[in-house]
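Hi everyone, thanks for making time for this. Let me put the structure up, and then I'll walk you through a few spots in it.

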Amino acid sequence: MRGDERRTALGAIIGDDPALRAALARAALVAPTTTPVLVTGESGTGKELLARALHELGANPGGPFVAVNCGALPRELAESELFGHERGAFTGAAGRRAGWFEEAAGGTLVLDEIGELPLDLQPKLLRVLESGRLRRVGGSGEIAARTRVVAMTLRDLEGEVQRRTFRADLYYRLAGICVRLPPLRERRGDIPLLARHFLREVSSEVGPRQLDTSALAALAAADWPGNVRELRNAIRRAAILTSGQTDERINADLLELPAPAPFRLSDAASGSPSGPTLAPDDMIRIGGRTFDEIEREVFSWALRRHAGSRRRAARALAVARSTFCDKVRRYSL
């Protein structure tokens, strides 16, 4: 596929952050193959947009694109929903029914919230991924499953494997190619770019809008637990609230964002009352976290608290500005 086509397919995911660009570059490399891909990231980071881009960059972009939420599958019908069933396979099975794998034949099947898939169904999914064939519930023979699978999750599947709530063999099959989308708080430099994009989106409904400096500072300081989705909603809300006003500039008050929470060391240490400990890897940890992890959180909080001003954040932490800038570069803040 040509480079311009790749840019078009990936263009729905906006940002210049190095971690994001690296994730998109990884996605572009694996997209033309049929290898399963595991897309991870918090809610609102754009996982389904990336899954759509993987499909459009694939070998058959004109094929079906089917997205299934594994958490919404009825437990007793999950196998039938995925693989289909034959007539009489169970009570109520009045006829043959194709499952989601067959519906997506020749295209892409997106398994959203793969961590919610029932444990007893996971080996059957693994077998389909390994063999490329499936058997309908109640069926006696196998049929080809020519479907590219993209799995998505916001859960820590590696942790689920350790807790034995997710099969290790399925995890390693899915995570052979893993693409992580960073949360918005890790790519704050993209916030102005995204905000202006969302303003252009809503302008067809409410007219042109602009963000003033107080709004940009508030956007940079917010934590964004809902990530890009939350940012989009905040911009749309503020743009609508300016309708009918003489000044159509959006200020911080119109964004209606909560103030950054005060930083507490106990938060960074996961609330543990215990003191520092020496882990088996010889790393000093506080409440299970390394000093680097806690230091990154402190510097990140100071930067948010002072609306991205490195000078004021450095002064608040009583460190030299050059030291603060070194930390910002080190931790990619």
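What you see is a predicted model, where local features need pLDDT of at least 70 and side-chain atom pairs count only at pLDDT 80 or more, while totals for chains, interfaces and linings use all residues. Residues are numbered from 1 along each chain as its sequence is written, and side-chain values use heavy atoms, with hydrogens and water left out.

Let's start in a loop, then. Tryptophan 224 is found between H10 and helix H11 (227–241). What is its backbone doing there? Tryptophan 224 is not a glycine, yet it has a positive phi of about 55°. With a relative accessibility of 2%, tryptophan 224 counts as buried; here buried means under 20% relative accessible area, exposed means over 50%, and partly exposed is in between, using a 1.4 Å probe and protein chains only. Glutamate 256 is also not a glycine and has a positive phi of about 55°. You'll find glutamate 256 in the loop between helix H12 (252–255) and helix H13 (265–268).

Helix H10 covers residues 213–221, and Ala215, Leu219 and Ala221 are buried in it. Those residues cover an arc of only 165° around the axis, so they sit on the same side of H10. That arc is taken from the directions from the helix axis to the C-beta atoms.

On to helix packing. Two packed helices are described by the angle between their axes and the distance between the axes. The axes here are lines fitted to C-alpha atoms, for helices over the stretch in contact, and the angles run from 0 to 180 degrees between N-to-C directions. How do H9 and H10 pack? Helix H9 (residues 191–206) meets H10 at an angle of about 120°, with the axes 10 Å apart. That makes H9 oblique to H10; under 35 degrees counts as roughly parallel, over 145 as roughly antiparallel, 65 to 115 as roughly perpendicular, and the rest as oblique.

Next, some contacts across the sequence. Arginine 249 lies in strand S9 (residues 249–250) and is partly exposed, at 36% relative accessible area. Its C-alpha atom is 9.3 Å from that of alanine 215, although 34 residues separate arginine 249 and alanine 215 along the chain. Histidine 55, in helix H3 (residues 47–56), is buried at 4%. Histidine 55 and valine 150 are 95 residues apart in sequence, but 9.0 Å apart from C-alpha to C-alpha.

Last stop: rings. How many aromatic pairs does a search of the whole structure find? There are three, where rings of Phe, Tyr and Trp (its six-membered ring) pair if their centres lie within 6.5 Å, with planes under 30 degrees apart counting as stacked, over 60 as edge-to-face and the rest as tilted. One of them is a tilted pair of phenylalanine 299 and phenylalanine 324, at 5.3 Å centre to centre and 40° between the planes. Phenylalanine 299 is in helix H14 (residues 291–305) and phenylalanine 324 in helix H16 (residues 321–331), so the pair ties together parts 25 residues apart in sequence. Phenylalanine 299 is buried at 7% relative accessibility, and phenylalanine 324 is buried at 0%.

That's my tour, so over to you for questions.

Conventions. Helix = DSSP H or I, 4+ residues; strand = E, 2+ residues; numbered from the N terminus.
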